[in-house]
Amino acid sequence: MRILYFALLRERVGTAEETVSPPAEVKTVADLLAWLRSRSAGHEAALANAALVRVAVNQDYAGPDQPVQAGDEIAIFPPVTGG
Amino acid sequence: MTVRVQQQDFDTAAELDRLTAGQTRIGAAVTFSGLVRDFADTAPGSTQSMTLEHYPGMTERQLEAIVSEARQRWPLEDCLVIHRYGRLAPGDRIVLVITTSAHRQAAFEANAFLVDWLKTKAPFWKLEEHGGERRWVDAKESDDEAAARWQR
């Protein structure tokens, strides 16, 4: 599973991209975020405030209950500020 | 319909001409240009640069989805969205949205819809520099409210 981070969350995690193999009990976006938070202090700092975290699965916005699986491209980023 | 996400500048007049040339069914073309201003929440003149980061692939997909939605809701002849990324200076163009239709109301409304929605859905993030300090721009509630008025 490929994880991409953008903007402030990329800076807090300390990497733009990582490939992870979460355990089988990680089945949803919410499970994945909780599991990622345990990976480092940077991950924890980036993901602790759920209000500032948006997730896309395979380039479409995803809610906390959306399933995730091996092979997915998961992007994690703050609320967008374009335009 | 066209969506372009690019680093380079664009020529607003040339894009408008291209969209309307030889078209006799278009009665109205509405052009929105978004520019980098030199102040944010801080004092005027304080912003030195603005860098736009995006998510290649998803950004285009989201913009295309927003454009499709606009075309379903209003009788548009055509529509163009250009959004830049990279490092920009105050006064630079960031975004161009042109909508064309037989009548002005559809062109105006669809244009406002596109701008409101792209601000809340398209994955872009602004990083401002002022006085040697860098700061990621916070999302604005007022932008969410502007987009929400198009919910139905």
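Before the first click, one definition: two residues are in contact if their C-beta atoms, placed from the backbone, lie within 7 Å. Two notes on bookkeeping as well. Residues are numbered from 1 along each chain as its sequence is written, while chains are lettered from A and ligands numbered from 1 in the order in which they are written. What you're looking at is a predicted model, in which local features need pLDDT of at least 70 and side-chain atom pairs count only at pLDDT 80 or more, though totals for chains, interfaces and linings use all residues.

**Stop 1: colour by confidence**

The mean for chain B is 93, and 97% of its residues reach 70 or more. Helices and strands on this tour are DSSP runs numbered from the N terminus (helices: H or I, at least four residues; strands: E, at least two). In chain B, the confidence is lowest in helix 4 (residues 141-148), with a mean of 87, and highest in strand 6 (residues 93-101), at 98. As for the complex, the predictor gives an ipTM of 0.95 and a pTM of 0.92.

**Stop 2: where the chains touch**

Now show both chains and look between them: 22 residues of chain B are in contact with 13 residues of chain A. On the chain B side, select strand 3 (47-54), helix 2 (58-73), helix 3 (104-121) and strand 7 (124-130), the elements that each give two or more residues to the side touching chain A. Which of them gives the most? That's helix 3 of chain B, with five residues. Colour that side by class and you'll get 13 nonpolar, four polar and five charged residues. Here Ala, Val, Leu, Ile, Met, Phe, Trp, Tyr, Cys and Pro count as nonpolar, Asp, Glu, Lys and Arg as charged, and the others, Gly among them, as polar.

**Stop 3: the four-stranded sheet in chain B**

Stay on chain B and switch to cartoon. Strands pair if DSSP finds at least two bridges between them. An open sheet of four strands has the order 5-3-7-8, with antiparallel pairing. Strand 5 and strand 8 (133-136) of chain B are the edges, each pairing on one side only.

Go across it strand by strand:

- Strand 3 and strand 7 of chain B have seven bridges, and Met50(B) has Glu128(B) as its bridge partner.
- Strand 7 and strand 8 of chain B share four bridges; here Glu128(B) has Arg135(B) as bridge partner.

Next, select Gly132(B), in the loop between strand 7 and strand 8 of chain B. Is Gly132(B) buried or exposed? A residue is buried if 20 or more other C-beta atoms lie within 10 Å of its own, exposed if 12 or fewer, and partly exposed in between, with C-beta atoms placed from the backbone. With 6 C-beta neighbours inside 10 Å, Gly132(B) counts as exposed.

**Stop 4: over to chain A**

In chain A, five strands form an open sheet in the order 2-1-5-3-4, and the pairing is mixed. Its edge strands are strand 2 (17-19) and strand 4 of chain A, each pairing on one side only. Strand 1 (residues 2-5) and strand 2 of chain A run antiparallel, joined by three bridges, with Ile3(A) opposite Glu18(A).

Now pick helix 2 (residues 29-37) of chain A, where Val29(A), Leu32(A), Leu33(A) and Leu36(A) are buried. These residues cover an arc of only 100° around the axis (taken from the directions from the helix axis to the C-beta atoms), which puts them on the same side of helix 2 of chain A. The buried residues of this helix pack against helix 3 (41-47), strand 3 (54-57) and strand 5 (73-77) of chain A.

Most residues other than glycine have a negative phi. Select Asn58(A), where phi is near 50°, then Gln59(A), where phi is near 70°. Asn58(A) lies in the loop between strand 3 and strand 4 (60-61) of chain A, and Gln59(A) is placed in that loop too. Asn58(A) is partly exposed, with 14 other C-beta atoms within 10 Å; Gln59(A) is partly exposed, with 18.

Technical notes:
pLDDT = per-residue confidence, 0-100.
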